[in-house]
Amino acid sequence: MCEVKAMLSCGIVGLPLSGKSTVFNVITRAGAEVKPYAGGKTDPNRAVVSVPDPRFDRLVEIWQPKKATPAPVEFVDLAGLSRDASKGAGLGNSFLSFVANSDALVHVVRCFDNPDVPHPEETVDPVRDWNIVETELILRDLSVIENRLAKLADKKKPSSEEQTEKSLLERCRDHLFEERPLREMTFTPEEEKSVRGFTFLTLKPELVVLNLDESQAGDGMPWLEDMKGLASERGLGLVSLFGRMEMEISDLPPEEQAEFMADLGITEPGRERLIREAFSLLGLICFFTIGKDEVKAWTLPEGSNAVEAAGAIHSDLARGFIRAQVVHYDDFEANGFSNAQCREKGLLRLEGKEYPVRDGDVIEIRFNV
């Protein structure tokens with residue numbers, strides 16, 4: 001059974017002056033102030049935002065419910081590496097604890113060159129900057145492994161479980177020595193369960209956000225292909241965002257926003273692409289419940305079944321589960337949002353507990369308690 005967590009979060013990381021807080025403000029439209037990192041004394045900015053989904057918007061338009069509840073995702077603006085840390089001084093335990101508590105990482109990489117905002121490394125080099133942060137995360141994971149291996153080495157008669165753990169950690173250590181994150185390793189289900197107990201930072205899924213300025217529209221940047229190649233090689237998502245510009249135009253009327261984006265050849269706000277990519281990065285899907293009282297998008301881990309979907313709505317629905325009436329949104333829309341037409345074509349079905357829920361399913365739970 002898939003574990004259902006109430007709220008998953010994406011931690012925004014990056015070097016200082018990479019535009020992390022700008023990206024956070026674009027995502028959340030929160031106007032958040034930049035809070036100085038004070039060794040754990042100041043919590044990072046947090047905000048829960050709605051996942052843009054035209055399917056949800058269409059269902060709301062059709063049903064005109066009293067309440068509309070889109071799928072949520074939380075973003076946390078984590079402190080940037082200090083300049084000393086980027087020179088090898090380390091990240092600090094308090095910062096690392098915030099990173100460890102995030103379920104996925106949104107790594108902001110500075111691509112803009114602004115003389116009024118000096119780069120901590122003096123030059124703009126996105127590949128180098130990505131590697132600086134990645135190296136610090138690798139070093140943290142290595143430290144955790146070395147500490148655990150030292151404790152295991154002190155045991156005179158380690159158990160078979162501890163010997164298995166030692167072998168697994170040594171494999172992880174050797175992989176990290178090659179400057180490769182743990183997310184690139186292959187684990188058995190039992191091994192995956194074991195390593196997740198250590199909250200390794202490089203095991204977390206990661207999305208890279210290229211923070212551009214308006215002069216960088218197009219494909220003419222010399223480092224762009226390098227970043228695309230790095231993301232492809234490492235299996236990372238890659239999103240471009242005109243951070244400061246999108247933050248500045250977010251308060252304009254929609255028609256003026258559209259005009260600005262058209263001038264830059266942008267067909268969709270980077271904010272919306274980023275939020276959707278982050279939601280997917282967390283391994284989540286959404287299903288819909290509809291009615292005149294409420295249209296709601298519910299989140300589930302990918303691979304969840306019908307009874308887990310029922311439990312996401314309410315524990316009573318899972319306990320008394322009988323059947324789930326299911327139609328996929330695409331079929332529903334293609335048939336005029338008519339249950340009768342979908343039923344006639346066999347597209348509206350009754351499913352049992354083990355039915356694997358698909359992203360975009362419209363579900364009604366039948367239950368008896």
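**Aromatic pairs, cores and sheet**

Trainee: How many aromatic pairs does the structure hold?

Mentor: There are 7 aromatic pairs in the structure. Rings of Phe, Tyr and Trp (its six-membered ring) pair if their centres lie within 6.5 Å; planes under 30 degrees apart count as stacked, over 60 as edge-to-face and the rest as tilted.

Trainee: Why is the pair of Phe287 and Trp298 called stacked?

Mentor: The ring centres of Phe287 and Trp298 are 6.4 Å apart and the planes stand at 15°, so the pair is stacked. Phe287 belongs to strand E8 (residues 284-289) and Trp298 to strand E9 (residues 294-301), so the pair ties together parts that are 11 residues apart in sequence. Helices (H or I, at least four residues) and strands (E, at least two) are DSSP runs, numbered from the N terminus.

Trainee: What sort of model is this, and how are residues numbered?

Mentor: This is a predicted model, in which local features need pLDDT of at least 70 and side-chain atom pairs count only at pLDDT 80 or more, whereas totals for chains, interfaces and linings use all residues. Residues are numbered from 1 along each chain as its sequence is written, and side-chain values use heavy atoms, with hydrogens and water left out.

Trainee: Back to that pair: are Phe287 and Trp298 buried or exposed?

Mentor: Both Phe287 and Trp298 are buried. Buried means under 20% relative accessible area, exposed over 50%, and partly exposed in between (1.4 Å probe, protein chains only).

Trainee: Which charged end sits over the ring of Trp298?

Mentor: That of Lys296, at 3.8 Å from the ring centre. A charge sits over a ring if NZ of Lys or CZ of Arg is within 6 Å of the ring centre and within 35 degrees of the ring normal.

Trainee: Which residues form an aromatic cluster?

Mentor: Trp63, Phe288, Tyr329, Phe332 and Phe337 form one cluster. Leu59 touches several residues, including Phe288, Tyr329, Phe332 and Phe337, not counting residues up to four places away in sequence. Contact means heavy atoms within 4.5 Å.

Trainee: What about the largest nonpolar core, and which of its members touch the most others?

Mentor: The core has 41 residues, of which Ile27, Leu59, Val73, Phe75, Leu274 and Phe332 touch the most other members. Helix H11 (residues 270-281) gives the most to this core, with 5 residues. Apart from it lies another core, of 18 residues, among them Val208, Leu212, Phe242 and Ile266. A nonpolar core is a set of buried Ala, Val, Leu, Ile, Met, Phe, Trp, Tyr and Cys residues joined through side-chain atoms within 4.5 Å.

Trainee: New topic: what is the strand order of the open sheet?

Mentor: The 6 strands run in the order E2-E4-E1-E5-E6-E7, with mixed pairing. Strand E2 (45-50) and strand E7 (237-241) are the edge strands, each pairing on one side only. Two strands pair if DSSP finds at least two bridges between them.

Trainee: In what sense do E2 and E4 pair?

Mentor: E2 and strand E4 (residues 72-77) pair in the antiparallel sense over 6 bridges. Asn45 stands opposite Asp77 in E4.

Trainee: Where does Leu17 lie, and what is its phi?

Mentor: Leu17 lies in the loop between strand E1 (9-13) and helix H1 (20-28). Leu17 is not a glycine, yet its phi is positive, about 65°. Most residues other than glycine have a negative phi. At 43% relative accessibility, Leu17 counts as partly exposed.
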